[in-house]
Structure formats: C-alpha cells, structure tokens
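I opened this notebook to record what I looked up in one protein structure.

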Amino acid sequence: YMSVASLATSVAKSAPFTNEGVEKRLIQRVVDDFDNGGFYGIYAELRESSKISLKCFEELGFTLKVKGQYKDGERKIVRYYLEDLKEVSGDIEIKRMNYKDVNRVLQLHNTYLKSSKTISYYHNLLKNQGAVNLIAVDSRGRVFGYLCARRQLNDSDDENSRRDTLNFATMVVDERARGKGIGTSLVETMIEQAKEGGVEIIRGDVRETNIGARKLYQKMRFKEKVIGEYKDTGELKYRITKRLRLPPLSLKTKQNLERFFILIIGYMIGRRFD
C-alpha cells in the first residue's frame with residue numbers, strides 16, 4: 001500500500017490558484033503514480049479539522065473511515081483509495097510469490113475461501129524448503145491469483161520418510177479475472193516446478209462444492225476420492241493426487257531384481273551351450 005505521510009500547502013492570497021486547487025493536484029499526482037501499478041491502495045490519516053484536505057480526498061474518490069483519536073483528543077480520519085481491478089492489463093505472467101505479496105494474497109484468500117488465514121500462515125509457506133508459491137500478475141504488476149503448495153514428508157508420522165510430497169494447500173483466482181486461464185497456468189507451473197524439484201506426488205484436498213476447481217484438476221489428470229467431510233460445513237472432502245514419478249526401489253527389491261537378472265542370464269547362457 002502507498003501511504004500519504006504528509007500534505008501541506010501555503011498559497012498567497014494574490015496567487016491565481018488556491019490551497020484547495022494545489023492540494024487536489026498533488027493528491028491527483030499520487031493517484032496517477034499509484035495507477036501505474038504495483039500498489040493495491042492509498043492510505044492517508046487526517047485530522048478532523050483539516051477540512052480542505054478531507055474535501056480534496058473525498059472528491060478524488062477516497063472513502064472515509066473514523067479511526068480513533070490523536071493524543072490531543074482530535075478525531076483521526078482515515079481516507080482509503082482502493083484500485084479497481086475490473087480489468088486485467090496486458091498478458092498474465094506467473095511469478096514466484098514474495099513477502100511483499102502476502103497482504104494481497106491474504107485478501108484474496110479471505111474474500112473467496114471459507115476458511116480464514118493469517119499473515120503468519122503465508123510467511124510459513126514462504127519459509128518452507130521446496131515449497132511452490134506462485135502469483136499471477138498482469139502487466140502492471142497487480143496480483144489476480146495465487147497458488148501455494150508446501151513440501152512435506154511422504155508419511156507425516158515418520159520423520160525418516162522422504163520429503164517427496166508436495167501438498168497443494170490453496171489456490172484462488174479473483175472472480176473479476178476468471179475465464180482467462182489463470183488457474184490452469186498456476187497449476188501447470190506448479191507441476192513443472194514440482195518435477196524440477198524431484199517431487200514424487202502432488203496431493204491436496206478440495207471441497208465437494210468447488211466444482212470449477214475439481215474440473216480443472218481432472219483436466220490436469222489429478223485423481224480424486226472422498227476421504228471424509230469438512231468440519232465447518234459438512235461438505236465432502238475430496239483428496240486429489242497426481243503422481244509425477246515412481247518411488248525409488250528399496251534395497252531389498254534391488255537385491256531381488258539383481259538375483260532375478262543373474263538367473264535369467266545364467267539360464268540364457270546355459271541354453272546357448274546345450
């Protein structure tokens with residue numbers, strides 16, 4: 001978010017313009033820079049007595065919220081300007097998620113998914129070694145979707161098991177940008193990065209009512225099966241899985257295969273000299 005730290009003008013009475021006009025032009029310049037992309041809102045704290053400034057922010061589309069008081073007792077007024085994400089600008093690019101993206105990702109999650117998360121949840125995902133955390137951004141750097149998958153043990157109860165499972169934790173696409181293949185691109189990129197990282201199997205859970213997501217996973221050849229119900233709604237819980245490679249052979253299996261091939265070779269040599 002972009003924060004207006006300070007705003008002040010001092011225009012002489014004889015000047016051909018007013019304090020209000022100058023303030024409005026200054027605020028408009030901030031809005032213009034904001035619209036170039038990379039931000040999701042502008043935030044300004046103002047005193048209730050700053051009538052001209054409050055009027056300028058209001059006329060330029062800032063919404064109002066009362067937020068406590070200053071130490072001297074005067075009311076603190078907050079003005080917000082949030083970007084309109086109705087249109088995707090240019091082509092969508094899939095990029096790795098960074099900490100600066102977490103606020104927008106959290107906003108998407110808590111807007112569209114039934115279970116709420118916190119900032120620390122996404123910070124932990126970003127710290128997870130081998131995780132795949134992606135965002136979908138337009139040409140102005142605005143985030144319209146994301147996907148997070150954490151690397152974990154194949155057997156959560158066995159600390160000595162391999163860390164070859166990628167747990168597909170969460171994905172959201174802003175409804176104003178759906179139908180543009182963003183979800184497909186996110187899942188395709190996850191699969192590519194999982195293969196590069198030596199992942200054996202991708203696994204995740206999806207709600208029965210999330211028909212759009214389930215169709216996408218089926219198109220990507222994930223298998224699904226019912227494993228229970230979600231406690232909050234009672235919906236069926238589907239486990240989706242996609243195997244990327246076979247697990248490595250155990251030592252015992254390798255030894256048995258070696259014995260088998262030795263016997264076959266011995267048999268073929270014996271037949272040759274018969």
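The entries that follow go from the whole chain to single residues.

**Entry 1: the chain as a whole.** I noted first that the model is predicted. I counted seven helices and 11 strands in the protein chain. Of its 274 residues, I found that 35% are buried. I then turned to contacts between residues at least 6 apart in sequence, and 61% of these join residues at least 24 apart.

**Entry 2: the largest nonpolar core.** Which residues of this core touch the most other members? I listed Leu-147, Phe-168, Val-187, Met-190, Ile-202, Tyr-217 and Phe-222, out of 28 residues in the core. I then asked where the members come from, and found that β6 (132-137), β7 (143-152), β8 (165-173), α5 (182-196), β9 (201-207), α6 (211-219) and β11 (236-243) each supply at least two residues. Helix α5 contributes the most to this core, namely six residues. I also recorded another core that lies apart from this one; it has 15 residues, including Val-102, Leu-106, Tyr-122 and Val-143.

**Entry 3: Phe-168.** I looked up the contacts of Phe-168, leaving aside neighbours within four places in sequence. Among them are Leu-147, Val-187, Met-190, Ile-202 and Tyr-217, which also stand in my list of core residues touching the most other members.

**Entry 4: helix α5.** I found 15 residues in α5 and a reach of 21 Å from its first C-alpha to its last, close to the 21 Å expected at 1.5 Å a residue. Its buried residues include Ile-182, Leu-186, Val-187, Met-190, Ile-191 and Ala-194. I kept in mind that an α-helix has 3.6 residues a turn, so residues three or four places apart point the same way. After the helix comes Gly-198, for which I read a positive phi, near 75 degrees.

**Entry 5: Gly-183.** Is Gly-183 buried or exposed? I recorded Gly-183 as buried because its relative accessibility is 13%, under the 20% limit. Gly-183 lies in helix α5 and touches Met-171, Val-173 and Leu-216, not counting residues up to four places away in sequence. Tyr-146 is 37 residues from Gly-183 along the chain, and I read 8.4 Å between their C-alpha atoms.

**Entry 6: Val-137.** I placed Val-137 in strand β6 and noted it as buried, since its relative accessible area is 5%. Val-137 is 45 residues from Ile-92 in sequence, yet their C-alpha atoms are 5.5 Å apart in space. Ile-92 is also one of the contacts of Val-137, which include Asp-91, Glu-93 and Val-143 when neighbours within four places in sequence are left aside.

**Entry 7: strands β10 and β11.** In what sense do β10 and β11 pair? I found that β10 (residues 223-229) pairs with β11 in the antiparallel sense, over six bridges. Lys-225 has Arg-239 in β11 as its bridge partner. The hairpin has six residues between the strands, and Gly-234 in it takes a positive phi near 80 degrees.

**Entry 8: the largest pocket.** I recorded a volume of about 1100 Å³ for the largest pocket. Of its 39 lining residues, Leu-113, Thr-170, Met-171, Asn-210 and Tyr-217 are the closest to the centre. Strand β8 gives the most to the lining, with seven residues.

Methods
Residues are numbered from 1 along each chain as its sequence is written. This is a predicted model: local features need pLDDT of at least 70, side-chain atom pairs count only at pLDDT 80 or more; totals for chains, interfaces and linings use all residues. Side-chain values use heavy atoms; hydrogens and water are left out. A nonpolar core is a set of buried Ala, Val, Leu, Ile, Met, Phe, Trp, Tyr and Cys residues joined through side-chain atoms within 4.5 Å. Buried means under 20% relative accessible area, exposed over 50%, partly exposed in between (1.4 Å probe, protein chains only). Helices (H or I, at least four residues) and strands (E, at least two) are DSSP runs, numbered from the N terminus. Contact means heavy atoms within 4.5 Å. Two strands pair if DSSP finds at least two bridges between them. The expected span of a helix is 1.5 Å times one less than its number of residues. On a 1 Å grid over the protein atoms alone, a cavity is a set of points where a 1.4 Å probe fits but cannot get out, and a pocket is an open set with protein on both sides within 12 Å along at least five of seven lines; lining residues have an atom within 4 Å of a point. Grid points are joined across faces, edges and corners, and a volume is the space filled by probe spheres set on the points.
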